[in-house]
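Here are my notes on this model. Please check them against the structure below.

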Amino acid sequence: MIVEDTGSKMLEIMGMGTTLCYQCGECTVSCPVGEFTGEKISVRSIIRAAQIGQEYYDNIWACATCKLCENYCPRNVDIVNIILAVRTMAFSKRKAPEKIEKVIWDIFENGNPWGGKKKERAKWAEGMEIKDASEGVDVLLYVGCEAAYDPKQHGNVRSIAEILRRAGVNFGILGNNERCCGEPLKNAGEIEYLEELVSQNIDQFEGTGAKIIVTVSPHCSKMFKEVYRKAGLKIEVMHYTEYLNRLYSEGLIKFKVGNSENVTYHDPCLLSRGEGVIEEPRDLLKASGFKIVEMKDYGKNSICCGGGGNRMFLEFKGKRLADVRTDQAIETGTGIIVTACPYCNMNLHDSVKTRAINIKVMELAELLKERIE
Ligand code: SF4
Ligand code: SF4
């Protein structure tokens with residue numbers, strides 16, 4: 001919906017189940033941003049203001065949309081969607097941070113929020129001779145902006161493509177014609193442009209004839225499963241951990257028996273809490289011979305790496321959430337943190353590097369590729 005005026009937007013937000021909230025404050029105290037970084041988000045106050053139709057924008061941009069607060073809400077309030085609706089209003093009143101405005105312009109001009117050139121989007125695939133999905137494919141591998149433009153992620157995307165090839169999957173990519181899934185627009189509250197982009201992307205995806213879209217990032221799969229589905233997307237959507245797990249169950253990929261090695265797995269919050277994908281990456285790790293030692297907070301209770309909700313594009317003071325996670329990973333005594341999200345991968349790498357910690361960060365597909373038969 002396009003924001004027409006403050007009054008109608010207020011009524012829309014007030015109608016989003018805000019009356020369920022009885023102001024217990026569990027959301028505020030359970031928020032990891034407030035608990036660990038000192039960047040306090042008064043979630044209870046945001047919901048209270050929404051209940052009574054008051055404009056309140058205090059620290060709304062610090063929310064990682066990680067949904068941990070929803071785990072603890074005794075009234076099942078749709079907290080994240082309410083915060084995003086409040087951001088939509090803030091955006092319409094030009095109260096979004098300047099950097100967020102730049103992100104939106106970058107998506108508009110270059111098709112990605114990082115300012116990367118359109119013609120360099122498929123650089124990661126150089127030398128791999130991957131089919132152009134517009135020729136017709138069964139599986140569309142949707143790479144996403146972070147994985148396409150950050151060279152640190154290229155090893156993982158190439159590993160996914162290599163595993164698909166070895167499994168005999170008829171897959172392809174959109175190459176330089178792929179565009180952002182629009183998640184940063186949703187998080188910014190730029191709904192008008194989001195609707196346009198979603199509709200254009202759906203036409204492009206449907207045009208490939210693909211039966212399944214496989215994404216590298218949980219941020220993209222969640223967008224496709226929810227926002228795109230509502231907008232009419234018919235194709236099945238899977239995060240790569242789900243799809244590789246399916247290939248393994250169907251016997252299309254097999255693993256060599258490798259050395260049993262202890263690893264810990266950081267659940268990307270959008271994948272575990274957001275999409276309920278908790279066992280699939282773990283099953284793949286176990287099938288390829290790894291032993292998982294869990295961190296203090298895992299699965300549905302995982303703590304965000306700090307990159308969700310457009311925090312990737314903003315700067316915050318205080319302790320980083322990725323540092324909380326790498327501390328927890330060190331406590332497991334393992335030598336490798338495995339994850340399955342480009343934002344998590346980037347933030348955890350950054351934490352390990354800047355603090356000179358002796359633990360390796362790897363994406364799941366990179367590990368698996370080494371053990372594929
Ligand atoms: S936890 Fe739920 S009920 Fe309690 S204040 Fe927060 S939103 Fe309201
Ligand atoms: S979604 Fe996550 S970051 Fe946002 S208020 Fe809830 S717990 Fe805090």
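1. Which residue takes a positive phi just after H7? Gly-111 does, at about 80 degrees. Helices are DSSP runs of H or I with at least four residues, strands are runs of E with at least two, and both are numbered from the N terminus.

2. This is a predicted model, in which local features need pLDDT of at least 70, side-chain atom pairs count only at pLDDT 80 or more, and totals for chains, interfaces and linings use all residues. Residues are numbered from 1 along each chain as its sequence is written, while chains are lettered from A and ligands numbered from 1 in the order in which they are written.

3. Helix H7 covers residues 98–110.

4. Ile-100, Val-103, Ile-107 and Asn-110 of H7 are buried (20 or more other C-beta atoms within 10 Å of their own, C-beta atoms being placed from the backbone). They sit on the same side of H7 because they cover an arc of only 120 degrees, taken over the directions from the helix axis to the C-beta atoms. On the other side, Glu-98, Trp-105 and Glu-109 are exposed (12 or fewer).

5. Ligand 1 has 15 residues around it (C-beta, placed from the backbone, within 6 Å). Cys-21, Cys-24, Glu-26, Cys-27 and Cys-73 come nearest. Helices H2 (26–30) and H4 (43–51) each give two or more residues to this shell. H4 gives the most, three.

6. Ligand 2 is surrounded by 13 residues. The closest are Cys-31, Cys-63, Cys-66, Leu-68 and Cys-69. Helices H5 (68–72) and H6 (79–92) each supply at least two.

Definitions and conventions:
Expected span 1.5 Å × (residues − 1).
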